[in-house]
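Here's a quick tour of a fold, written for someone who likes cut-offs spelled out. Have a look at the model first, then read on.

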Amino acid sequence: MPQPSITITGVTGLPEIESGHDVGALIVRATREASLEVLDRDIFIVAQKIVSKAEGRVVRLDSIEPSPRAREWAEAYDKDPRIVEVVLRESKRIVRMERGVLISETHHGFVCANSGVDASNVKEGTALLLPEDPDTSARRIRESLEANFGVGVAVIISDTFGRPWREGLVNVAIGVAGLAPLIDYRGEIDSHGRPLRVTVLAVADEIASAAELVMKKKDGVPVALLRGFNYEACEASSRELIRAPELDLFR
C-alpha cells in the first residue's frame with residue numbers, strides 16, 4: 001500500500017491586486033509562469049485579501065462618520081473610531097466587546113474578530129471587507145481555472161481567524177467550490193470495532209490551515225496549490241461549516 005502524502009506549493013508571481021482584476025486569470029498566468037503542472041483534483045487555496053481587493057471591497061475611511069458607540073469604544077481602547085464603525089456596520093450580531101477585543105458575527109454567519117475587517121496590507125486610509133459571497137467568489141475562480149487547465153479542481157478561499165481557548169491564529173475556509181467541506185465519519189466503525197458517533201472533520205478548514213504554512217503574508221504568496229488529498233468532489237458551501245444556533249452551546 002503506498003504511503004499517503006500531500007504536497008503544498010506556494011504560487012508566486014501574482015501582481016498587487018486591484019479592483020476589477022480577474023483573480024482566476026492571474027492565478028492561471030502565475031501558475032504557468034512558475035511551470036507548475038495542474039492535475040485533476042488539485043486544490044487551490046486563495047487568500048481572502050486578494051479576492052476582496054479584486055471585488056472592490058475596500059472602504060475609504062475618510063468617508064466614514066463614526067457613531068457615538070464607535071467613538072466611545074475607540075477612545076476607551078485607543079482604536080480608530082472609523083474602523084470600529086466599519087466593524088459595527090459589518091456585524092449582524094456583537095458577540096463580545098471588552099478589553100479592546102471586538103468579536104462579532106458577520107452577515108455571512110462567521111464569528112470572528114472585527115467582522116473580518118482588516119486594515120493591514122492595504123493602502124493608508126482604507127480598510128478591507130470580506131467578500132460579499134465567498135462561495136460565489138470561489139466558484140468563479142474555479143470555473144476560470146478549470147476552463148484554462150482542462151481538469152477538475154477545487155477552490156478554497158481562506159482567511160485568518162483566532163480560536164477560543166487557544167493562542168495563535170489559523171487559516172480557515174470562508175468560501176469553497178468543488179469539494180465537500182466536511183467529512184462525516186459518524187456510523188463508521190473504529191479500529192476497535194466501536195461505532196463512531198460524533199466525528200465530523202472540517203477538512204476545508206484543515207486544508208486552509210495547512211496551506212497557510214506556504215502562504216506567507218509578508219512574502220506576498222496569496223495562493224497555494226495542494227495535491228494528494230482524496231476529497232469528495234461536489235457542489236457545496238462554506239455555510240456547512242457554521243454551527244446551527246440550536247447546537248451552539250456558547251451562544
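## Salt bridges

A salt bridge here is a side-chain nitrogen of Lys or Arg within 4 Å of a carboxyl oxygen of Asp or Glu. By that rule the count comes to 17 salt bridges. Before the details, some housekeeping: this is a predicted model, so local features need pLDDT of at least 70 and side-chain atom pairs count only at pLDDT 80 or more, while totals for chains, interfaces and linings use all residues. Residues are numbered from 1 along each chain as its sequence is written, and side-chain values use heavy atoms, with hydrogens and water left out.

Glu132 and Arg57 meet through their side chains in a salt bridge, at 3.5 Å from N to O. Glu132 sits in the loop between β7 and α5 and Arg57 in the loop between α2 and β3, so the pair ties together parts 75 residues apart in sequence. (Helices, H or I with at least four residues, and strands, E with at least two, are DSSP runs numbered from the N terminus.) On accessibility, buried means under 20% relative accessible area, exposed over 50%, and partly exposed in between, using a 1.4 Å probe and protein chains only. Glu132 is exposed at 61%, whereas Arg57 is buried at 15%. Both belong to a salt-bridge network that also takes in Glu90.

Lys123 pairs with Glu18, the closest N and O atoms being 4.0 Å apart. Lys123 lies in the loop between β6 (111-113) and β7 (126-128) and Glu18 in the loop between β1 and α1, so this bridge connects parts that are 105 residues apart in sequence. Lys123 is exposed, with a relative accessible area of 59%, while Glu18 is partly exposed at 35%.

Arg89 is partly exposed at 43%, but Glu85 is buried at 8%.

## Cores and strands

A nonpolar core is a set of buried Ala, Val, Leu, Ile, Met, Phe, Trp, Tyr and Cys residues joined through side-chain atoms within 4.5 Å. The largest one has 30 residues, and those with the most contacts inside it are Ile27, Phe44, Val46, Ile50, Ile141, Leu145 and Val223. α1 gives the most to this core, with five residues. A second, separate core of 16 residues includes Ile43, Ala47, Ala211 and Tyr231.

Strand β12 has four of its five residues buried, so it is largely enclosed by the rest of the structure. Strands count as paired if DSSP finds at least two bridges between them. β12 pairs in the antiparallel sense with β1 (residues 7-11) over five bridges and with β2 over four. Leu225 in β12 stands opposite Thr9, and Leu225 is also the bridge partner of Phe44.
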